[in-house]
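Q: Can you walk me through reading a sheet and a pocket? Let's bring up the model first.

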Amino acid sequence: MQKEKIITFGELMMRLSPENNERFTQAHSYEAVYGGGEANTAVSLSNFGVDVDYVTKLPCHPIGQSAVNSLRQYGVGIDSIVRGGDQIGIYFLEKKTSQRPTNVIYNRAGSAFALAKEEDFDWDKIFEGATWFHFSGITPAISDEMAKITLIACKKAKELGLTISCDLNYRSKLWSSEKACEVMTEICKYVDVCIANEDDAIGIFSMDPSKAENVEKNAYIAGELTKMFPNFKCVASVWREERTITTFKLQSMIYRDGKAYYSKEYFMNILDYIGAGDAYCAGIIYSFINDYDTQKAVEFANAASCLKHTVSGDFNLVTAEEVNKLAFSKAGNEVSR
């Protein structure tokens, strides 16, 4: 295990997907797995050998326990999970197939996490011995109370000297651009490492990447974000481009000290891309706590995201050794014997 201790905070949900890539309207059975942005990042980090605790609120009934068990089996710390409430958040996922896009329907209103209160979380106790705090923009989007709780957590983490990372992760089905801007502008004042893509920059901060002149758009966005938030020590981004119906290009960037560092490109077929951004976040955190230089960090994080596309479900079930092999070894994806 690494000497660092990471805390991630968010909602763990049940994901229900029609089998065999069916439409919702034709499905008679659904595959059930558990996942959620920060939980996915926690599982990745644990698989990398990092000491990581996940913070959420889940019901005491068997479904809530099943969700807890889904984390425990991968070594994620669960002692800070609050138990209570009646429901677990659910999201229905209709998977992308050929030209048909992914469709997500949320059923999380009234979940234990959505109804959580400030007094549910003892941040002094939660952050004891911790060195890093990670969350996403999905968490404060869930409710006004959760936005307040996230801000309280950030202030406490900053007071205790933790590094704070945030994946902006704008979700238009959860809140408006105006509300997101209002809330995230305040929260981002406490963030050290920001993970953001073009959709986040447009959706939350109404940026216009078309204004970039002689600058690659992701570097432009990162530069604008660091102007808005001088406290950002770096901005990281990962993006996927469709090349054919079945082939995608993946690349990422870390913007640090006014310079953009780009990863190499991967051309890949996708089994399941849900959680690929969360895997990228885990790669960023792992790289930084292991003092990787910026170029090595962006290569590791990009490779971690690439491998997630080969794993079904929300969790990225790969090791740091496997990521390093893809990112840095000429052996790449050869057969392991």
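A: Strands (E, at least two residues) and helices (H or I, at least four) are DSSP runs, numbered from the N terminus. This is a predicted model, where local features need pLDDT of at least 70, side-chain atom pairs count only at pLDDT 80 or more, and totals for chains, interfaces and linings use all residues. Residues are numbered from 1 along each chain as its sequence is written, and side-chain values use heavy atoms, with hydrogens and water left out.

Q: Which residue of β3 is the bridge partner of methionine 14?
A: That's tyrosine 34. β2 (residues 13-18) and β3 run antiparallel, joined by six bridges.

Q: In what order do the four strands of the open sheet come?
A: Read β3-β2-β7-β8, with mixed pairing. β3 (30-35) and β8 (103-107) are at the edges with a single partner strand each, so one side of each has no neighbour in the sheet.

Q: And how do I read a pocket?
A: On a 1 Å grid over the protein atoms alone, a pocket is an open set of points where a 1.4 Å probe fits, with protein on both sides within 12 Å along at least five of seven lines; lining residues have an atom within 4 Å of a point. Here, 47 residues line the largest pocket, and Asn169, Arg171, Asn197, Arg240 and Tyr273 are the closest to its centre.

Q: Which strand gives the most to the lining of the largest pocket?
A: β12 does, with six residues. Other contributors of at least two residues include α1 (37-47) and α9 (276-289).

Definitions and conventions. Two strands pair if DSSP finds at least two bridges between them.
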